[in-house]
Amino acid sequence: MKYLRAASGWLLVFGLVLLAQLAQVVFALQADRPAMASLALGLVGLVLVLALGFVLWRRTSRLEAEHQRAQAAYACLREAIDEMPAAIELYDAQDRLVICNQRMEQLYPDSARTAGVGLRYEELLRRAQQQGMLIDAPVGQEEEWIALRLAGRGRSNAPQLRRLPGGGWAHLYEARTTSGCIVAVRVDVTESVHQRQVLSAARAEAHSAHVRLREAIDAMPAGVAIYDEADRLVMYNREAVDMPPYGVGGELIGQTYEALLRRSLAQGDIAEALGREDEWLRQRLAARGLLKVPVLRRSKDGRWMHYYETRAPSGNLIMVRLDVTDLVEKSLELERANELLSRLSTTDSLTGLANRRQFDQSLQTEWLRSARNQQPISLLMIDVDFFKRYNDHYGHLTGDACLRQIAGILFDCAQRSGEVVARYGGEEFAMLLPGADVEAARVVAQRCMDELSKAAIPHANSPVAPWLTISIGVATAVADQNLLPESLVACADAALYRTKGSGRARFEVVST
């Protein structure tokens with residue numbers, strides 16, 4: 001470019017010198033016409049030379065200006081490429097390296113790419129193979145890797161993950177331009193890869209923890225269900241499947257507790273809610289998560305369940321249902337045994353009536369109530385007449401059967417609630433009548449004698465009648481804090497004693 005510009009300059013100078021000389025010749029040859037014609041032709045040629053020199057000079061100046069602009073643009077592009085945080089390479093249409101920036105040298109310090117400008121990409125790969133720097137190629141498969149790399153050169157739309165010599169990672173982007181050039185951009189994604197690896201490890205650990213949790217709750221002998229803050233089912237174990245509301249079928253995860261309950265109620269799976277489903281549902285939802293102590297409920301299949309609800313700090317609700325059927329049944333058996341033991345301890349084994357112990361307790365209780373309410377209380381002391389003779393004549397087994405029959409008759413004669421019929425001892429019975437005045441006591445005493453007479457139990461060895469008879473002593477009182485309940489028993493005993501002294505088979509009444 002500079003030689004062309006110099007030539008055009010010299011041509012202009014030469015033309016100007018010739019023009020000056022021609023001007024001198026014109027003045028000298030003004031009278032010679034042929035010479036003037038030749039000179040005119042020479043002058044025209046000189047003008048053409050000057051014009052050509054000027055044109056060349058102008059074009060040379062423009063070319064030089066464009067060249068300077070191109071150099072400035074290249075320098076600017078080079079600076080821009082060097083300042084970019086990504087490693088950049090540019091290859092021409094023949095896949096020869098045109099330029100690479102400083103970041104490329106930093107990522108691949110031993111590759112000396114700047115020294116490889118003008119080399120084909122395959123030649124650069126071969127150099128890297130010789131230097132042992134094909135870190136992405138599997139050992140022993142370098143040739144296959146190079147062939148695949150060249151076959152896919154500039155054809156991938158997705159970034160390719162490449163290892164860096166320092167142990168990091170880079171994303172390689174390759175794009176082919178419309179002119180056939182290839183632009184290769186490498187972005188250091190080491191931190192991102194490490195974060196993904198950490199995230200992947202965390203996800204794997206979370207999955208492992210989830211599996212362990214799943215296995216743990218599935219191994220539990222209790223039904224477990226976990227709900228999130230919005231009361232949607234997150235997890236439940238195998239033990240809970242047979243318990244409402246988890247046996248309704250279909251996909252349960254994500255369903256709210258209310259929706260699951262409504263489905264179970266519609267199927268009639270909750271025995272305690274039958275006939276009052278809406279009311280039960282309102283009460284259950286109102287108490288949701290507020291159970292401070294376990295609730296005992298019976299399921300439709302007859303099992304007993306302990307319900308626990310615990311609100312975790314995260315807001316999740318953990319429900320546990322423990323099958324306590326065995327414990328409840330054992331407890332019920334124990335209660336029945338205790339009740340039986342209690343009855344045995346307060347019941348006469350021969351007659352089934354209250355024994356002396358229960359009679360004393362009932363007398364104490366009713367005496368206090370009479371004192372508090374100032375209501376009368378009556379007591380009948382009943383003795384079987386000449387029962388020793390009965391036993392001697394008929395035998396003790398028949399005598400026991402006779403006592404049981406008399407006990408049944410006396411029990412049927414006690415008609416009001418709270419009246420107690422007890423075997424007081426041997427062939428002696430007692431009938432406690434709370435709230436009964438003298439007249440009511442007389443009525444009961446007469447009823448007892450009448451009913452026993454209707455039974456007509458034979459007593460061949462009795463001096464008063466051919467059948468079994470009884471003597472009754474009746475006492476009535478209104479309890480007083482200054483008197484003991486035994487005073488009522490003493491009065492009834494006194495009345496019985498008078499009955500026996502006056503011929504038996506009758507009753508006497510004493511009012512205290």
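Two strands are said to pair if DSSP finds at least two bridges between them. Helices (H or I, at least four residues) and strands (E, at least two) are themselves DSSP runs, numbered from the N terminus. What you see above is a predicted model, in which local features need pLDDT of at least 70, side-chain atom pairs count only at pLDDT 80 or more, and totals for chains, interfaces and linings use all residues. Residues are numbered from 1 along each chain as its sequence is written, and side-chain values use heavy atoms, with hydrogens and water left out.

Let's start with strand 6 and its hairpin with strand 7. Between these two strands there are 5 residues, and in this hairpin Asp231 takes a positive phi near 65°. Strand 6 and strand 7 run antiparallel and are joined by 3 bridges; here Ile226 stands opposite Met235 of strand 7. Strand 6 also pairs with strand 10, again in the antiparallel sense, over 5 bridges. Look for Tyr227, whose bridge partner in strand 10 is Leu317.

How many of the 5 residues of strand 6 are buried? Buried means under 20% relative accessible area, with exposed over 50% and partly exposed in between (1.4 Å probe, protein chains only). By that rule 5 of the 5 are buried, so strand 6 is largely enclosed by the rest of the structure. In a regular strand the side chains alternate between the two faces of the sheet. Here Gly223, Ala225 and Tyr227 are buried on one side, and Val224 and Ile226 on the other.

Now turn to helix 7, residues 257–266, where the buried residues are Tyr257, Leu260, Leu261, Ser264 and Leu265. Seen down the helix axis, these residues fall within an arc of 135° (taken from the directions from the axis to the C-beta atoms), so they line one face of helix 7. An α-helix has 3.6 residues a turn, so residues three or four places apart point the same way. Strand 6, strand 7, helix 8 (277–286) and strand 10 are among the elements covering that buried set, where contact means heavy atoms within 4.5 Å. Just after helix 7, Gly268 takes a positive phi of about 70°.

A cavity is a set of points on a 1 Å grid over the protein atoms alone where a 1.4 Å probe fits but cannot get out, and lining residues have an atom within 4 Å of a point. The count comes to 2 cavities of 30 Å³ or more. Of the 16 residues lining the second largest cavity, the closest to its centre are Pro244, Ile270, Glu272, Trp280 and Tyr307.

Technical notes:
On a 1 Å grid over the protein atoms alone, a cavity is a set of points where a 1.4 Å probe fits but cannot get out, and a pocket is an open set with protein on both sides within 12 Å along at least five of seven lines; lining residues have an atom within 4 Å of a point. Grid points are joined across faces, edges and corners, and a volume is the space filled by probe spheres set on the points.
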